[in-house]
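Let's walk through the charged side-chain pairs of a protein together. Please keep the viewer open as you read.

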Amino acid sequence: MSFEVLIDRSAQYPVITLRNKVSGAEAEVYGFGGLLNAFRLPVDGRLVNVIEGFTSVADAIANITHGFKSAKLSPYVCRLHKGSYAFQDRSFKVNGFYMGDHAIHGLIYNQPFDIIQTNEDATQAAVTLQYQYDGGDAGYPFPFTMQVQWKLSDGGSSGGRLTVVTSFTNRHHDVVPLSDGWHPYFTLGNNLDDYSLQFNSGMQVAFSKDLLPTGDTLPDERFLYGASLKGIELDNCFLLDTSKASSRCILQNGRLRLTIEPNASYPYLQIYTPPHRKSIAIENLSSAPDAFNNGIGLIVVNSGEKKEFSTSYVLMADA
């Protein structure tokens, strides 16, 4: 078989490696948070990792809230105004992680995911992880099942394709609110000033000083046709043009090119450039931040209903 799945259980949570034995491309996934810790490709005789991840599972456990690297964002994404919202004529306040006055990044970024299935054959290596949320946070007392499938497949002779599919099943007896997303940091080497960025959006969500949507939008066509990131600082949410055949985002630096290909389930793109400028967070989101309050992209899930979200990362090294 061309692909293999390797599982290391020596740490507190399993570390799963998906590997293409022909091309050498591989992905490393943690059972902790279901997060992607590495996506590697052989370039000039060495493995290059394009994910700013953790040194170990223990490092992830200790430091996940320092930047939320690769965190799963659910059942709400980014900021939730003062951690509070109203739904179905009831008021709620979550006990999640707060940055200043506002809760951020959901409730399951640090939860244990169980391995429920693996698959390795001539075309792919895949692992499916599952977390059962019991409704224990008073601010989101709605049980659900979360499954995350990471799948490594052929990305061509000089690349790899990594697809992640999230399935959310509502186990509550009534409808529940939902936003979903991911928070990976990508690094292609050197400083962000050497990178270019392109994605299909000419509009961003207008933010308040607290980075909460105001309800307005602002025209922003800087990245429609590709632009250098030299001197550019971002902490913005963009509306992807899902009417196009591809709402992809392309990050490039020298020979390395990363293409992010969300399907229509992720029509928002949050982008953040950290002060160290050695990586960039490119976050596929199902809604704008604070959707539980502003309703921008909010999903309402019926009892027993399943919602799926998918995006792919395609890594290539140009000749």
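Arg277 is buried in this predicted model, its relative accessible area being 13%. With a cut-off of under 20% for buried, Arg277 falls on that side because its value is 13%. Its salt-bridge partner is Asp193, and the closest N and O atoms of the two are 2.9 Å apart. Arg277 sits in the loop between β26 (268-272) and β27 (280-285), while Asp193 belongs to the loop between β18 (185-186) and β19 (196-199), so this contact ties together parts that are 84 residues apart in sequence. Asp193, for its part, is partly exposed, at 28% relative accessible area.

Now turn to another part of the chain, where the pairs share partners. Glu4, Arg19, Glu26, Glu28 and Arg40 are joined by salt bridges into one network. Which side chain does Arg40 meet at 2.7 Å, N to O? That one is Glu26, in a salt bridge. Here strand β4 (residues 36-43), which holds Arg40, is linked to strand β3 (residues 26-30), which holds Glu26, and the two residues are 14 apart.

Arg40 also forms a salt bridge with Glu28, this time at 3.3 Å from N to O. Glu28 lies in strand β3 and Arg40 in strand β4, 12 residues apart.

As for the general idea, oppositely charged side chains can pair when their charged atoms come close. Across the whole structure, a search finds 13 salt bridges, including the pair of Arg277 and Asp193.

Terms used: Residues are numbered from 1 along each chain as its sequence is written. This is a predicted model: local features need pLDDT of at least 70, side-chain atom pairs count only at pLDDT 80 or more; totals for chains, interfaces and linings use all residues. Side-chain values use heavy atoms; hydrogens and water are left out. A salt bridge is a side-chain nitrogen of Lys or Arg within 4 Å of a carboxyl oxygen of Asp or Glu. Helices (H or I, at least four residues) and strands (E, at least two) are DSSP runs, numbered from the N terminus. Buried means under 20% relative accessible area, exposed over 50%, partly exposed in between (1.4 Å probe, protein chains only).
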